[in-house]
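Q: Please zoom in on a single part of this one and talk me through it in detail.

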Amino acid sequence: MSAHFADREAVAFVDALLARMSVEQKVGQMIQGERMAVTPDDVSTHHLGSILSGGGSAPGGNQPADWIAMNDAYWMASMTDAPGRAPIPILYGVDAVHGHANVLGATVFPHNIGLGAARDAELVERIARITAREVLATGVDWTFAPTLAVAQHLYWGRTYESFSDDHALVTSYAAPMVRGLQGDLGRDSVIACAKHWIGDGGTTGGRDQGNTVITEPELERVHMAPYLPALAEGVLTVMASFNSINGVKCHGNKYLLTDVLKHRLGFQGFVVSDWDGVDYLSEDPAEAVALAANAGVDMFMVSVEWKRCLDLLLQHANDGTIPMSRIDDAVRRILLVKHRYGLFTRPRPAERYWSQQSCLGAPEHRAVAREAVRKSLVLLQNNNALVPLNRDARILVAGKNAHNRGHQCGGFTVAWQGTSGNDFIVGGTSIWEGIQAVAPNATLSEDGTLANAQQHDVAIVVIGERPYAEGMGDIRPAGAVPVGSSPAGKTADLAAYGQTLELSILHPEDLATINTIRAQGIPVVAVLVSGRPLIVDDELAATDAFIAAWLPGSEGQGVADVLFGDYPFTGVLPFPWPRMAPRWPRGFGL
Ligand code: GLC
């Protein structure tokens with residue numbers, strides 16, 4: 001990437017463009033507004049640089065055609081060649097973090113934690129390449145992926161977005177992800193975004209948007225490590241993180257955003273803020289905007305108040321609170337990325353190659369997702385070699401996550417917090433549907449009450465978590481002071497998922513279902529659908545086989561492929577697995 005940015009033709013093009021731009025046009029490029037708050041007219045009137053979909057924010061009927069029509073309208077507006085207005089095409093960004101999962105009918109891949117269990121960098125690159133095509137099929141050109149978090153605490157609601165707590169494993173996936181997404185920056189490529197810079201996975205207590213207390217050598221060794229191959233691979237954007245490092249918020253940390261990332265590591269793309277992340281720097285919006293811009297934020301991701309942000313940037317540019325050299329640097333970076341991506345010469349979204357294909361959810365894409373599910377499964381217990389199962393056995397399938405494609409997809413799927421049931425996951429198979437397709441004598445009894453020793457040889461009980469995203473996935477012990485990244489602890493308002501990692505407390509219904517079946521003397525295979533390892537001492541004691549399936553996505557069939565022996569178990573834990581601490585020490589006695 002640095003080679004390109006030294007490309008004389010690119011630099012000449014951008015400098016010439018910059019020289020023609022008014023201050024209004026410059027600060028306009030630094031704004032990314034959310035689609036619900038921005039019209040095409042806003043884009044042309046205010047020269048906006050980018051639009052995004054927050055998690056679950058979709059146009060019309062949420063079909064590819066709706067997305068293409070939306071992007072076409074924004075793009076046309078950005079290319080309005082008003083007098084003195086340099087036409088600068090707009091970028092559209094989404095969270096395609098496990099496939100383009102906002103969109104109905106997309107291929108939904110396992111979340112990153114499951115890919116960590118697969119230990120297969122080549123598979124990760126193929127997934128990224130397919131994701132790029134399904135993103136392009138909707139006229140979108142930028143995804144806020146890969147997440148390079150090295151999650152250190154299972155309490156964190158974003159553990160599942162992390163490949164592992166081992167920075168070496170995360171590092172091994174960084175370049176393949178960027179390569180798969182950005183490729184040769186040609187027709188099949190989207191712009192990638194390494195996130196969240198920096199130390200998002202290291203907060204105290206796993207608090208989402210909390211504070212990471214760490215020495216600089218440790219920050220470099222653990223959390224920065226995965227960014228090096230991503231930068232070397234030419235990732236074009238980096239997202240600033242909500243969390244703080246030793247009490248200083250990343251969005252306002254000039255040392256980490258500019259001195260380290262841009263100067264020492266030579267990043268020449270642009271830094272985008274996280275969702276209203278700039279607001280968290282100060283109760284005074286004007287001060288917050290100046291702090292972020294001067295620290296090194298180049299593009300401001302704003303959910304609703306984008307006009308205020310724009311006006312404040314303009315005010316700061318005119319009064320010098322933000323030096324024009326900083327404004328020019330930010331805009332140059334944004335224009336260079338757009339130029340590097342070929343955006344100035346790409347046709348309108350509706351006329352681009354992948355907009356003309358109907359590749360969303362294509363069978364060959366789903367086949368790769370199914371392969372990923374197979375490779376992500378981890379066999380944790382197998383008493384009496386119960387699995388693989390005989391597909392002709394009389395099988396009882398139970399558990400709240402057995403026939404729930406929404407639950408098996410997890411967060412950032414159709415809705416920010418994910419969905420429940422099967423209606424919103426169009427295409428794909430639930431774990432039950434996958435079993436039913438190959439086992440002629442399988443029956444479904446979600447709570448297990450149909451269990452009958454005379455009618456069933458074995459049970460498969462699919463248990464675990466419901467979908468969640470970000471702070472709403474946090475585990476916050478009772479009485480813990482919820483810290484968030486906003487001055488008023490705004491994220492504290494997000495209800496935590498629970499107060500403990502103990503599944504039998506978080507979801508007692510699972511052990512109840514298992515016990516109902518065991519009461520019949522039927523052997524049980526537990527399949528855990530969750531965004532992280534949980535404490536399952538009770539469930540392990542009550543079952544014969546136990547499988548971690550993570551958040552497998554739309555292709556639940558992959559579970560049956562391995563359960564019945566068509567493929568071996570090859571997945572291994574990407575995180576250590578917790579257990580209850582010993583209740584009493586050896587030697588204890590009243
Ligand atoms: C969210 C997340 C970030 C995501 C962004 C846009 O709050 O922190 O990962 O890319 O907002 O949805």
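**A helix crossing, close up**

A: Let's go with α2 and α14, which cross in a right-handed way (clockwise counts as right-handed, anticlockwise as left-handed, for the near helix turned from the far one by less than a right angle). Bear in mind that this is a predicted model, where local features need pLDDT of at least 70 and side-chain atom pairs pLDDT 80 or more, while totals for chains, interfaces and linings use all residues. Numbering starts from 1 along each chain as its sequence is written, and side-chain values use heavy atoms, without hydrogens or water.

Helix α2 spans residues 8-20 and α14 spans 324-340; their axes come within 10 Å and cross at roughly 130°. (Helices are DSSP runs of H or I, at least four residues, numbered from the N terminus; axes are fitted to C-alpha atoms over the stretch in contact, with angles from 0 to 180 degrees between N-to-C directions.) That angle makes α2 oblique to α14, because oblique is what's left after under 35 degrees (roughly parallel), over 145 (roughly antiparallel) and 65 to 115 (roughly perpendicular).

Who touches whom? From α2 it's E9, A10, V11, F13, V14, D15, L17 and L18, and from α14 it's D328, V331, R332, L335, L336 and H339, with contact meaning heavy atoms within 4.5 Å. Sorted by class, that contact has 9 nonpolar, 1 polar and 4 charged residues (nonpolar: Ala, Val, Leu, Ile, Met, Phe, Trp, Tyr, Cys, Pro; charged: Asp, Glu, Lys, Arg; polar: the others, Gly among them).

Definitions and conventions:
Helices (H or I, at least four residues) and strands (E, at least two) are DSSP runs, numbered from the N terminus.
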